[in-house]
Amino acid sequence: MSSRSIYRTLRPVLSSSVLSSGLGTGHGINGHVISHLPTIRFLSSDTSSSATGNRLPENPVRTADGKVISTYWGIPPTKITKPDGSAWKWNCFQPWDSYKPDVSIDVTKHHKPANFTDKFAYWTVQSLKIPVQLFFQRKHMCHAMLLETVAAVPGMVGGMLLHLKSLRRFEHSGGWIKALLEEAENERMHLMTFIELSQPKWYERAIVFAVQGVFFNAYFLSYVVSPKLAHRITGYLEEEAVNSYTEFLNDIDAGKFENSPAPAIAIDYWRLPKDATLRDVVFVIRADEAHHRDINHYASDIQFQGRELKEAPAPIGYH
């Protein structure tokens with residue numbers, strides 16, 4: 001059967017599925033209108049055939065200056081609008097990825113080291129903090145950007161290794177893969193927000209390149225050897241992140257750092273008011289870090305009790 005025949009056979013089923021799932025033209029998801037669904041192509045066909053030639057798709061993807069960046073195989077992007085009718089401008093996240101964070105979380109909580117592993121994790125983080133403080137001192141924006149390039153690593157490494165473990169053992173992860181990857185993505189969005197406010201200098205980029213290479217490999221090895229140690233280290237790293245953002249907020253309140261308007265990406269991602277400021281952004285990011293602190297200490301506690309993560313409910317969407 002040809003690909004065209006298969007498409008004609010399945011088209012009614014696809015159409016009814018799309019409409020019933022709310023992904024067709026209409027109210028969409030959470031009030032965001034999805035006005036176009038990408039074309040679905042089945043199997044394969046010759047792009048140079050006489051029927052198609054080398055023609056572009058009906059709705060090619062174009063850059064801001066009008067250049068076509070899609071090919072015959074390209075999939076036109078879904079067009080999404082906000083509830084107020086304006087276009088959704090971000091490709092790095094969708095409206096349903098945005099959220100209103102819980103800022104009531106206790107930012108003063110601390111896990112007191114109770115055994116050798118805890119103490120090793122705690123003093124490892126404390127020793128790493130010294131050169132960072134000497135280098136950045138009160139340069140909060142630069143410090144925040146470096147912090148987020150490191151903070152986004154543990155969730156990705158943990159999620160990746162749990163993913164591989166799930167495949168090897170033919171078992172579910174209990175939702176922990178998704179929870180850790182959510183953490184990594186959230187940390188990356190912190191960085192995407194800060195680069196809207198400040199661009200790192202060449203030597204700061206060089207530091208990030210070096211630190212990320214060392215930290216990724218070190219954390220990877222620590223997670224392979226002892227996941228409970230790795231999560232405890234991350235928990236203490238997040239505690240320090242909370243402290244760093246608290247200092248940032250204090251300097252903004254004291255007038256030592258300009259309280260500039262919040263970037264548009266932050267307003268859409270955290271559903272902030274349109275007149276939000278940098279202080280509002282730092283405030284919600286600190287809350288995010290406190291949630292990540294809890295998740296990783298929780299993961300470590302589960303494993304210290306001789307359990308596997310899959311045995312406890314994963315804190316998916318915990319922010």
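Helices, in these legends, are DSSP runs of H or I with at least four residues, and they are numbered from the N terminus; by that count, Phe 170 sits in the loop between helix 3 and helix 4.

**Figure 1. Overview of the predicted model and its order of elements.** The model shown in every view is a predicted one. The protein contains 8 helices and 2 strands, and, read from the N terminus, its elements follow the order α-β-β-α-α-α-α-α-α-α. Of the 319 residues in the protein, 39% are buried. When contacts between residues at least 6 apart in sequence are considered, 72% of them join residues at least 24 apart.

**Figure 2. Close-up of helix 3 beside helix 4.** Helix 3 covers residues 140-169 and helix 4 covers residues 176-194, and the axes of the two come within 8 Å of each other while crossing at roughly 160°. Because angles over 145 degrees count as roughly antiparallel, helix 3 is roughly antiparallel to helix 4. The crossing of helix 3 past helix 4 is left-handed, and the residues in the contact of this pair comprise 14 nonpolar, 7 polar and 4 charged.

Figure 3. In the loop between helix 3 and helix 4, Phe 170 has a positive phi of about 55°, although it is not a glycine. For comparison, most residues other than glycine have a negative phi.

**Figure 4. Close-up of helix 3 beside helix 6.** The axes of helix 3 and helix 6 come within 11 Å and cross at roughly 160°, which makes helix 3 roughly antiparallel to helix 6. Here, too, helix 3 passes its partner, helix 6, in a left-handed crossing. On the helix 3 side the contact includes His 140, Met 141, Leu 147 and Glu 148, and on the helix 6 side it includes Thr 234, Glu 238, Tyr 245 and Phe 248. Sorted by class, the residues of this contact are 8 nonpolar, 4 polar and 4 charged.

Figure 5. Helix 6 has 27 residues, numbered 227-253, and at 1.5 Å a residue it should span 39 Å; its end C-alpha atoms are 39 Å apart, so the two values agree. Because 19 of its 27 residues are buried, helix 6 is largely enclosed by the rest of the structure. Just after helix 6, Gly 255 takes a positive phi of about 80°.

**Figure 6. Close-up of His 190 and its contacts.** His 190 belongs to helix 4, and with a relative accessible area of 0% it is buried. Leaving aside residues up to four places away in sequence, His 190 touches Glu 148, Trp 270, Ile 285, Asp 288, Glu 289 and His 292.

Figure 7. Ala 87 lies in the loop between strand 2 (80-81) and helix 2 (116-136), where its relative accessible area of 57% makes it exposed. Not counting residues up to four places away in sequence, Ala 87 touches Ile 80, Thr 81 and Lys 82. Arg 271 is placed in the loop between helix 7 (264-269) and helix 8 (278-304), and its phi is near 55°, a positive value in a residue other than glycine. With 42% relative accessibility, Arg 271 counts as partly exposed.

Conventions. Residues numbered from 1 in each chain as written. Predicted model: local features only at pLDDT ≥ 70, side-chain atom pairs only at ≥ 80, totals over all residues. Heavy atoms only, no water. Expected span 1.5 Å × (residues − 1). Buried < 20%, exposed > 50% of the residue type's maximum accessible area, 1.4 Å probe, protein only. Axes fitted to C-alpha atoms, helices over the stretch in contact; angles between N-to-C directions. Parallel < 35°, antiparallel > 145°, perpendicular 65-115°, else oblique. Left-handed = near helix turned anticlockwise from the far one by under 90°. Nonpolar A, V, L, I, M, F, W, Y, C, P; charged D, E, K, R; others polar. Contact = heavy atoms within 4.5 Å.
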